[in-house]
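Subject: Structure for you to look at

Hello,

Here is the structure I promised to pass on. Please open it beside this email and follow along.

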Amino acid sequence: MTGSGYGLISDAAIAIQDASVAWVGPRSNLPAEYADFSRRGLDGRLVTPGLIDCHTHIVHGGNRAREFEMRLEGASYEEIARAGGGRAGGGIVSTVSATREASEETLLKTALSRADALIAEGVTTIEVKSGYGLDRDTELKMLRVARAIAAQRPVRVLTSFLGAHAKPKEMDADTYIDTICLPTLQEAHAEGLVDAVDGFCEGIAFSPDQIARVFDKAVELGLPVKLHAEQLSNIGGTALAARYGALSADHVEYATETDAEALAQAGTVAVLLPGAYYAINETQAPPVDAFRKCGVPMAVGTDWNPGSSPLGSLLLAMNMSCTLFGLTPVEALAGTTRNAARALGLSDVGTIAPGQRADLAVWNAADPAELSYGIGINPLYSRIVAGREAP
Ligand code: NIG
Ligand code: FE
């Protein structure tokens, strides 16, 4: 699909009233009621919905450069994770140690600099996960830091509680779920820190039965769910996510056509994360054709995290989704706008239409395909967040 799939209007006008889009269409059709609005010409620049990064772990301590070196020396992501890490080693648990040790102030400072990199590329909504605490205090600390990003920057932040991210070293997985993960979720929710509940369903993390217990709690609390599923193997995470009517199933490299049918039936978005696929040398690409055939909406995110995806560019994620997974630039843009909004349960962003929140990105580009085509090129001209020009 090319060109027309974008719904592009040439020589368009967008009327913005307060924080919302009041009207959009060809400039020559602009209704008279908007004639006395103050005007801002954009010299024919491309305007898209503000981009949405629907999957990040930008609140974390430390980095995993050593793990990168280990992978270059031949170790796989899974082997490193199973070896259990420790500071010098690697794996999610090494980031857990670094995040537990980091002060809230340091975590916020580093998270803000990551948020700034996304914002500089036209991002207006960022999803941020916990999951590097695996104890009550650090999980709550991560979520507070995520909320603080939105207080300090013109960007919307949605939080996902990812207590079931990795098995902590101190106890077995079932004890962890019952004594730490579920009570912390309840507490974080009571403090208004949780927009959705996530998990990592994988041989190196939690089983479908264990994730189901976390999802049952989410249902009890009235929170939507999403899941890291079928990233390294197929153990039934995608089917589980569909059964719970999840907002999204993320990674999904090892999902099958049957999984795709289940996602389509549930209306669950498949979130594709080419940064992780690339960084851990994965060779199995997600079943994009099956997603298309079944009508599964596809979103694209950075998965920005220190281990499997140290990728700080949503535009590069779009490019990679095309070159590595075969998405069209039309699908890549839908993946960071309309479908990314859906993966977060948002209906007021991701499109430009009357009544929508006026979150927009203005580009030094004429053709929307340019956003996916460039590699390390940032054509952003400006952003508008909730109707206001935003730095
Ligand atoms: O989305 N898959 C699980 N979690 C992260 C990786 C976290 C890490 O390696 O630190 C991901 O890829
Ligand atoms: Fe992730």
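Is Glu127 buried or exposed? Glu127 counts as buried, at 0% relative accessibility. Here buried means under 20% relative accessible area, exposed means over 50%, and partly exposed lies in between, with a 1.4 Å probe and protein chains only.

Some ground rules before the rest. This is a predicted model, in which local features need pLDDT of at least 70 and side-chain atom pairs count only at pLDDT 80 or more, while totals for chains, interfaces and linings use all residues. Residues are numbered from 1 along each chain as its sequence is written, chains are lettered from A and ligands numbered from 1 in the order in which they are written, and side-chain values use heavy atoms, with hydrogens and water left out.

Salt bridges

Side chains of opposite charge can pair when their charged atoms come close. The structure holds 25 salt bridges (a side-chain nitrogen of Lys or Arg within 4 Å of a carboxyl oxygen of Asp or Glu).

Glu127 has such a partner in Lys129, with the closest N and O atoms 2.7 Å apart. Lys129 is buried too, with a relative accessible area of 1%.

Arg357 pairs with Asp359. Their closest N and O atoms are 2.9 Å apart. Asp359 counts as buried, at 3% relative accessibility. Elsewhere, Arg64, Glu67 and Arg71 are joined into one network by salt bridges that share partners.

Then look at Glu170 and Arg100. Their salt bridge has its closest N and O atoms 3.1 Å apart. Glu170 lies in the loop between strand E6 (156–164) and helix H6 (173–190), and Arg100 in helix H3 (residues 92–101), so the pair ties together parts that are 70 residues apart in sequence. Helices (H or I, at least four residues) and strands (E, at least two) are DSSP runs, numbered from the N terminus. Glu170 is partly exposed at 48% relative accessible area. Arg100 is partly exposed at 28%.

The sheet

Four strands form an open, antiparallel sheet in the order E3-E12-E13-E14. Two strands pair if DSSP finds at least two bridges between them. Strand E3 (46–49) and strand E14 (388–390) stand at the edges with a single partner strand each, so one side of each has no neighbour in the sheet.

Inside the sheet, four bridges join strand E12 (residues 360–363) to strand E13 (residues 380–385). Ala361 stands opposite Arg383 in E13.

Best wishes
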